[in-house]
Amino acid sequence: MNGLFLVNSDMVDIGIGTAGLVALLGYLVVFIGLIALMVVIMIVGKIMVGKAAKTKAAAPAQAAPAPAPAAAKPAAPEAPGTAGEVKLYGTPDRDAAIIMAIVAHKMGKPLNTLRFKSIKEVQ
């Protein structure tokens, strides 16, 4: 058998047509398996989206509005043109202000028209 270990000894000397048919059937089995897996994933995805929509709709109905504390100091109104808070991660206030000024200058826009959500130092 010349060192070949095959399950079926008839597969030792096969023609090109038979080899092509065996390869085609192998590809067909793999693609049918992939298509079946894709269908299962799509079905599970639709089920999960439906469950998420149900829980999202039920959550506001269950949550009662929390009473505002009477002793809480009202937040100061934001200055005209500000876009709220900036979260700083490992960046000093001075460096964050410089970064925001540089970005505004490079973009050619006033600083109060830009919105910075967070600034993080990358090391």
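Val103 is found in helix α2. Helices here are DSSP runs of H or I with at least four residues, strands are runs of E with at least two, and both are numbered from the N terminus. This is a predicted model: local features need pLDDT of at least 70, side-chain atom pairs count only at pLDDT 80 or more, and totals for chains, interfaces and linings use all residues. Residues are numbered from 1 along each chain as its sequence is written, and side-chain values use heavy atoms, with hydrogens and water left out.

**Val103**
- Val103 has 30% relative accessibility, so it counts as partly exposed. Buried means under 20% relative accessible area, exposed means over 50%, and partly exposed lies in between (1.4 Å probe, protein chains only).
- Not counting residues up to four places away in sequence, Val103 touches Leu114 and Phe116. Contact means heavy atoms within 4.5 Å.
- Val103 and Leu114 are eleven residues apart along the chain, and their C-alpha atoms are separated by 9.2 Å.

**Whole chain**
- The protein chain has two helices and two strands. Their pattern along the sequence is α-β-α-β.
- The protein chain has 123 residues, and 6% of them are buried.
- Take the contacts between residues at least 6 apart in sequence: 55% of them join residues at least 24 apart.
- The accessible surface of the chain is about 11,000 Å², and 69% of it belongs to carbon and sulfur atoms. Such areas come from the Shrake-Rupley method with a 1.4 Å probe; for residues, only the protein chains shown count as cover.

**Nonpolar core**
- The largest nonpolar core has six residues: Ala96, Met100, Ala104, Leu114, Phe116 and Ile119. Helix α2 gives the largest share of this core, three residues.
- A nonpolar core is a set of buried Ala, Val, Leu, Ile, Met, Phe, Trp, Tyr and Cys residues joined through side-chain atoms within 4.5 Å.

**Thr91**
- Thr91 lies in the loop between β1 (87-89) and α2 (93-107).
- Thr91 counts as buried because its relative accessibility is 13%.
- Leaving aside neighbours within four places in sequence, Thr91 is in contact with Ala96, Ile119, Lys120 and Glu121.

**Surface patch and Leu34**
- Tyr27, Val30, Phe31, Leu34, Leu37 and Ile41 make a nonpolar surface patch of about 650 Å². Patch residues have over 30% relative accessible area and no salt bridge; nonpolar side chains (Val, Leu, Ile, Met, Phe, Trp, Tyr) are joined within 5 Å, like charges within 9 Å. A salt bridge is a side-chain nitrogen of Lys or Arg within 4 Å of a carboxyl oxygen of Asp or Glu.
- Leu34 sits in helix α1 (residues 16-62). Its relative accessible area is 48%, so Leu34 is partly exposed.
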